Amino acid sequence: GLFTFPDYLPGTSTSGFCGVSIDHVIEPEITNAAAIMSYIDPAGLAFFGGPTSKMDTPMFQAIQAVGDLESLNDPNRRSYILLITDGVQDCCRGGDYDLEADCEIAGQESSSTYNPFDWTEWLENRQDLVDLVGLLKTNKKIQTFVVGFSTGIDAETLNRMAVSAGTSIVTNCDTASDTCYYSAIDTTSLESVIEDVMVIVQTEVCDTTDNDCDGDIDEDWPTLGQTCSAGFGA
């Protein structure tokens, strides 16, 4: 499935920006690869237009909306969110989830004319994101893989999110120099990261579901005759 950070829809009355709507989400389904490509490919019939420098990065709103999707709350399969972000949590042009402005001058759209973040609000947003992915993991069994796709991201926030979501690539993520989230800087490295994540989510584990989609459930244990105890591993 696919969900892009929301923005105002040209030619419509939709109050976009950070007031999240799932009207434009492509639901997670095994047959939706072509629909996703059509949406993100400039040559696709459903191309969304591409990101602009004025678009915000409402990670909290996007993750919350996707986590509520019925298709990700199916008890018969494992569900995951793959967050790919090039920035920090921000909503400067209206519709913020906590009704507290992320920008010191509301309504300004150029980073050259306003100080983009209030430090206190930044810290509150950070904690909210960490708590959100933790609750999705604990309450809904939805884990979030965090990908920083830039050199200008908020590394500490992404580190803490990865730990809270249980997807940190570092066993003990506790120092400022750690990179606990997945990192990509170009198409090649992003493809590599996605492939790594796909291997993890398709690995057969002991959870009473067919994770690798081969028609068998809870198979492929290293020792023939091992007992699978759901939720506790082999």
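Contact is taken here to mean heavy atoms within 4.5 Å, and helices (H or I, at least four residues) and strands (E, at least two) are DSSP runs numbered from the N terminus. The model is predicted, so that local features need pLDDT of at least 70 and side-chain atom pairs count only at pLDDT 80 or more, whereas totals for chains, interfaces and linings use all residues. Residues are numbered from 1 along each chain as its sequence is written, and side-chain values use heavy atoms, with hydrogens and water left out.

The secondary structure of the chain comprises 5 helices and 3 strands, which follow the order α-α-β-α-β-α-β-α from the N terminus. Of the 234 residues, 35% are buried, where buried denotes under 20% relative accessible area, exposed over 50%, and partly exposed in between (1.4 Å probe, protein chains only). Among contacts between residues at least 6 apart in sequence, 57% join residues at least 24 apart.

Helix 2 is mostly covered, with 8 of its 9 residues buried. These are Met59, Phe60, Gln61, Ala62, Ile63, Ala65, Val66 and Gly67. The buried residues of helix 2 pack against strand 1, helix 3, strand 2 and helix 4.

Two packed helices are described by the angle between their axes and the distance between the axes. The axes of helix 2 (residues 59-67) and helix 3 (residues 119-140) come within 10 Å and cross at roughly 10°; axes are lines fitted to C-alpha atoms, for helices over the stretch in contact, and angles run from 0 to 180 degrees between N-to-C directions. The two helices are therefore roughly parallel to each other, a term applied to angles under 35 degrees, with those over 145 counted as roughly antiparallel, 65 to 115 as roughly perpendicular and the rest as oblique. Helix 2 contributes Met59, Phe60, Ile63, Gln64 and Gly67 to the contact, and helix 3 contributes Asp128, Leu129, Leu132, Val133, Leu136 and Lys140. By class, this contact has 7 nonpolar, 2 polar and 2 charged residues (Ala, Val, Leu, Ile, Met, Phe, Trp, Tyr, Cys and Pro count as nonpolar, Asp, Glu, Lys and Arg as charged, and the others, Gly among them, as polar).

In helix 4 (residues 155-165), the buried residues are Thr157, Leu158, Asn159, Met161, Ala162 and Ala165. They pack against helix 2, strand 1 (79-85), helix 3 and strand 2 (142-149). Just after helix 4, Gly166 adopts a positive phi of about 75°.

A nonpolar core is a set of buried Ala, Val, Leu, Ile, Met, Phe, Trp, Tyr and Cys residues joined through side-chain atoms within 4.5 Å. The largest such core has 24 residues, of which Ile63, Ile81 and Met161 touch the most other members. Helix 2, strand 1, helix 3, strand 2 and helix 4 each give two or more residues to this core. Residues up to four places away in sequence aside, Met161 touches Ile63, Leu83, Leu129, Val130, Val133 and Val146. A second, separate core of 8 residues includes Tyr182, Leu190, Val193 and Val197.

Two loop residues were also considered. Asn76, in the loop between helix 2 and strand 1, is exposed, with a relative accessible area of 62%. The C-alpha atoms of Asn76 and Asp210 are separated by 8.9 Å, although these residues lie 134 residues apart along the chain. Lys141 is placed in the loop between helix 3 and strand 2 and is exposed, with a relative accessible area of 63%. Phi of Lys141 is near 60°, a positive value in a residue other than glycine.
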